[in-house]
Every structure is written in C-alpha cells, then in structure tokens.
Amino acid sequence: MIRAENIHFTYPNGFQALKGLSFHIKAGEFVAVIGQNGAGKTTLLKLLNGLLKPTAGRILIGGLDTARARVAELARKVGFLFQNPDHQIFLPTVREELAFGPKNLGLKGAVLEDRVKDAAAAVGLTPYLDFNPRQLSKGQRQRVALASVLAMQPEVLVLDEPTTGQDYREALEIMRLVKKLHQQGHTVLLVSHDMEMVARFAGRALVLGEGQLLLDGPVATVFAREDVLAATGLVPPQVIQLARPYQEQGLLRPVLTVEELYAEIIAALRGEVDARQVLPA
Amino acid sequence: MPGKSFLHKLNPLTKVVWSLAVITLAFVYQQPLPILSLWASVLAVALIGKVLREILPAIRGLIIFAAIFFLFQVFLIDEGQVVFTLVPGTGIGRITDVGLKACTMLALRMLAMTSTIPVLLATTPPKDMIVAFVEKLKVPYVYALMLVTSLRFIPTLQEELSLVIQAQRARAYDLEGRNIIKRFLALIPLALPLLLMSVQRARTMAISMETRAFGAGPRTSLHTSTFQLLDIGVISSCLLLTAVLAVVSLH
C-alpha cells in the first residue's frame with residue numbers, strides 16, 4: 001500500500017528533517033510512528049499525502065508516486081487528520097463541513113448525502129449534523145474533522161496526534177473509533193506521543209530519531225528495545241516496564257496493556273484464569 | 001536579539017528618526033537616480049548592521065509589491081510620447097515616456113521608504129520599542145502594546161495560514177486554476193478558520209493578561225529607555241544630512 005524508498009527531505013531553510021527512510025506498509029496494517037519532537041514524524045506524514053514532496057527518493061501510495069500526483073488526487077487515497085481541528089472547520093453546520101471534502105472530489109446529490117450520513121454515523125455525530133461545529137467540544141470537533149476525512153472514503157488514514165488536548169475519555173473514544181475503522185479495512189498510520197495508546201492499539205511501530213528510522217517492527221518488539229527508545233527520548237509504557245523483570249524470569253508472558261498484565265498476574269498467582277473472581281477487582 | 005552591531009545598540013527612536021529622514025528625502029527627490037541611491041543607502045545601513053541577509057526576504061516581498069504597483073499605474077498615464085503598446089495598432093496597453101518615468105519614481109520611492117521598516121524591526125526588540133515610545137514620546141502604553149503585538153503576530157499568523165492551507169488541501173481543496181471571482185470565493189475556506197482562530201487567540205490573550213493584573217495601576221519597566229552619545233550623534237547627523245540634501249536638491 002505504502003512504499004517509501006530511501007526518502008530524504010530538507011526544508012527550504014536547510015533543516016534536514018528526513019535522512020533516508022525506507023519501509024513498506026501493507027494494506028490493512030495499523031502502524032504507529034513515534035519519536036521525540038523534531039524527529040521528523042510530521043514531515044513524514046506530510047510526505048505521504050503530497051503536501052511535501054521528497055527531495056530525494058520516492059514514496060508510492062498504491063502505485064501512485066506522490067511527487068507526480070496532485071494533492072487533490074492523493075486526498076482520495078490518503079485521508080489526513082491534523083492535530084488541531086480548528087485549522088479546517090469553517091462551515092456553519094457539521095453537515096456542510098462533512099460535505100466539503102466529497103464536494104471537492106466532484107460528488108453531488110444523493111451520493112454526497114449518503115457519504116455525509118455514513119461518515120457522521122461512523123463517528124457517532126448523527127444527532128449533531130445540524131449543529132454549528134464551533135459550539136461542540138474539542139473532542140467532538142476532532143470527530144467532525146475525522147468524519148470530514150472519512151467522507152472522502154480514503155483507503156489510508158493518516159492521523160497526526162489526534163488525541164492531543166483531550167481528556168483520557170475523549171482520547172480513548174477517538175482511538176476506539178480509529179480501531180473500528182482499522183477493522184473495517186482502513187490502513188492506519190498514527191503519530192502519537194501517548195505510548196499507552198500506541199501499545200494498546202497499534203500493531204507495528206516505526207521509531208524515528210533525528211530523521212532516521214531507528215526501529216521498525218511489532219509494537220512488543222519495539223518496546224523491548226529500551227536502549228534505542230531512550231536515544232530518541234521515548235519511554236515504554238509503565239506497565240511494560242513493570243512487567244519486564246518478571247517476564248525475564250519467565251514468570252509472565254509479554255504484555256502490552258494493564259488489562260493483559262492483570263490477566264497474567266491472576267493466572268500466575270492462581271494458576272488459572274478464572275481466579276480473578278476470587279480476588280477483589 | 002542581543003546587541004550584535006551598533007544598529008542594535010541605538011535607541012529605537014533614533015532608528016525611527018533615521019526612517020523619517022529617509023521618507024522625507026524620498027519625497028524631496030524628483031529624479032530616479034537620487035532615490036535609487038537613497039534606497040542603496042538604506043541597504044548599506046542594513047549591511048553595516050549585519051541584518052541584510054535577515055531582511056532579504058522582506059525586501060524581496062517589497063520589490064514584488066513595488067513591481068505590481070508599477071504595472072497598475074504605468075498604463076494609466078496618457079501624457080508624453082508613446083514608447084510601447086501592448087496591442088500594436090490600438091490604444092490598448094499604451095506606455096508613455098512620462099508614465100514610465102513617473103511610475104519608476106513611484107515604485108522606487110515606495111521601496112526606499114518601506115525598506116527602512118524591516119531594518120528597524122530586525123534590530124529592535126519589540127519590548128524596547130514599547131518602552132521608548134511610552135517613555136520618550138509619552139504614547140499611552142496600551143496603544144504601543146497594541147501596535148507591537150500586532151506586528152508580533154504576523155509570523156504566527158503566517159504559520160497558522162500554512163497549516164490551514166494544508167488542512168484544506170488534504171480535503172482535496174484545489175487552489176489553482178479558477179476565474180477571478182471563484183478564486184476570491186475560494187479564499188473563504190482559508191480565511192475563515194484563520195479569522196476564527198485569531199479571535200479565539202485574542203480572547204485568550206486578553207484573559208491571560210488580565211489574570212496577570214494588566215491595567216491595574218501605573219507600570220514600571222525593568223529597562224528604561226536612554227539616549228546615548230551615539231544616539232545624539234546619529235540623530236543630529238541624520239537631521240543635518242537631510243536638511244543639506246533637501247536644500248541642495250530643491251535648488
């Protein structure tokens with residue numbers, strides 16, 4: 001689906017954001033891009049939908065070279081959700097806001113209405129279609145932005161820190177939505193600083209540091225390399241750190257989330273999974 | 001921007017005086033060549049102040065603006081000998097020698113006058129500018145602050161605009177290839193988010209200033225604005241030079 005071949009990117013001011021990345025993401029994967037600020041994460045995402053063009057190397061999205069395709073053309077394939085929904089919301093109702101993208105693709109009439117309805121339903125905004133998006137909460141506005149991207153029915157979803165500035169519940173809601181979309185067949189690329197969310201939802205992680213790809217592999221494998229993560233200022237989720245010594249002693253199996261650790265501990269203590277009912281929750 | 005050159009060390013008002021002197025001379029001169037040298041002198045000052053490279057993008061913008069200004073004006077003047085016609089054989093797009101000279105003057109004059117502003121901004125911290133205006137010129141603090149804050153927000157707005165453009169382009173929004181009216185309407189998806197965010201930002205800023213007791217009483221400032229010997233020297237030579245050049249050119 002997405003193939004990056006030795007891509008470099010240098011900003012006009014001379015800052016080398018990316019220094020030779022290569023990777024291949026298959027259709028239907030859920031990939032997290034992690035790394036400290038300035039590691040090149042956002043630059044990488046912007047290369048994926050053609051907002052920026054690689055200064056060397058190339059990126060193919062479903063066979064389409066991003067350097068040759070127009071952004072409007074790529075927008076059909078790659079949906080991009082930005083950090084701040086307020087950068088895009090400008091229409092007086094949620095309905096019109098959701099219709100903006102598909103209209104740009106030339107859709108009209110019943111097809112357009114269906115797209116809007118489906119997108120609103122997918123993020124649970126159907127009751128709010130006639131509201132002014134500016135009056136909704138930040139989390140709801142982020143869902144408006146997500147739905148406005150979904151309405152274009154892209155195969156790939158690119159999310160740039162979609163949970164910043166939201167409380168835990170709102171963030172979890174957005175991530176659950178993204179998970180649902182992933183299960184429906186979207187390929188998902190997520191930039192996030194929230195390692196717990198990455199461990200919980202992503203299947204694979206790309207670790208960037210100073211414009212280079214430091215690690216690429218399944219989330220569990222990536223979070224086991226604390227040395228490399230530390231080099232780019234990342235710390236694995238606390239639950240993984242907590243479980244590591246026991247895991248190394250062979251007492252627990254590898255875990256990624258608190259729920260998994262809980263199940264493992266119960267099983268280890270009592271030798272059976274059902275024992276959780278005996279202990280206070 | 002700590003004092004890198006003598007320009008940085010000057011009192012902000014001294015630089016304003018220099019700027020006014022340049023403006024005065026730009027109006028006094030009626031020939032392209034002296035104005036061109038006036039503009040060159042502004043750039044020379046920037047070079048000595050080690051900010052020429054820094055202000056080059058702004059100068060480039062001003063040149064483009066002056067060129068547009070020139071193009072708009074040059075076709076409107078009928079007097080004098082026709083030197084060039086856009087569509088030969090008709091009166092459409094006629095350029096005369098008088099028009100050419102007048103418009104060159106206008107463009108150069110505008111360039112010389114406006115080029116001092118980036119030099120001023122690049123060598124003066126906004127805070128010093130406020131202090132100088134409030135203490136020496138007795139400008140009410142609120143007005144000085146408003147002016148400086150709006151200047152300060154230009155780069156932020158530029159950054160924000162580029163994010164808005166990217167967000168809308170990601171929704172297949174196309175900026176190119178439309179007629180003028182459509183292109184004008186096409187600005188709405190860009191202008192509206194920017195405007196709404198600016199209003200939001202202004203409100204947040206007002207609240208954050210009020211929570212820090214803005215307007216509660218007389219203000220004091222950590223650094224006061226002083227005129228040094230260098231300032232007095234620069235101001236008097238600016239005034240003297242302007243007077244001399246003005247008298248010479250008017251004769």
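**Close-up views of a predicted model**

In chain B, α2(B) passes α3(B) in a left-handed crossing. This is a predicted model, and the legends below take its close-ups one by one.

**View 1. Helices α2 and α3 of chain B pack against each other.** Here you can follow α2, residues 12-28, beside α3, residues 32-48, with their axes 10 Å apart. The packing angle is about 165°, which makes α2(B) roughly antiparallel to α3(B), since angles over 145 degrees count as such.

**View 2. Helices α5 and α6 of chain A cross at roughly 15°.** Now we move to chain A, where α5 spans residues 138-150 and α6 spans residues 168-183. Their axes come within 10 Å. α5(A) and α6(A) are therefore roughly parallel to each other, and α5(A) makes a right-handed crossing as it passes α6(A).

**View 3. The largest pocket has a volume of about 650 Å³.** Its lining is made up of 17 residues, and those closest to the pocket centre are Pro118(B), Leu121(B), Leu151(B), Ile154(B) and Pro155(B).

**View 4. Helices of chain B contribute to the lining of the largest pocket.** At least two lining residues come from each of α4 (52-74), α6 (116-123), α7 (126-136) and α8 (141-169) of chain B. The largest share, six residues, belongs to α8(B).

Notes: Residues numbered from 1 in each chain as written. Chains lettered and ligands numbered in written order. Predicted model: local features only at pLDDT ≥ 70, side-chain atom pairs only at ≥ 80, totals over all residues. Heavy atoms only, no water. 1 Å grid on protein atoms, 1.4 Å probe; cavity = no way out; pocket = protein on both sides within 12 Å on 5 of 7 lines; lining within 4 Å. Points joined across faces, edges and corners; volume = space filled by probe spheres on them. Helix = DSSP H or I, 4+ residues; strand = E, 2+ residues; numbered from the N terminus. Axes fitted to C-alpha atoms, helices over the stretch in contact; angles between N-to-C directions. Parallel < 35°, antiparallel > 145°, perpendicular 65-115°, else oblique. Left-handed = near helix turned anticlockwise from the far one by under 90°.
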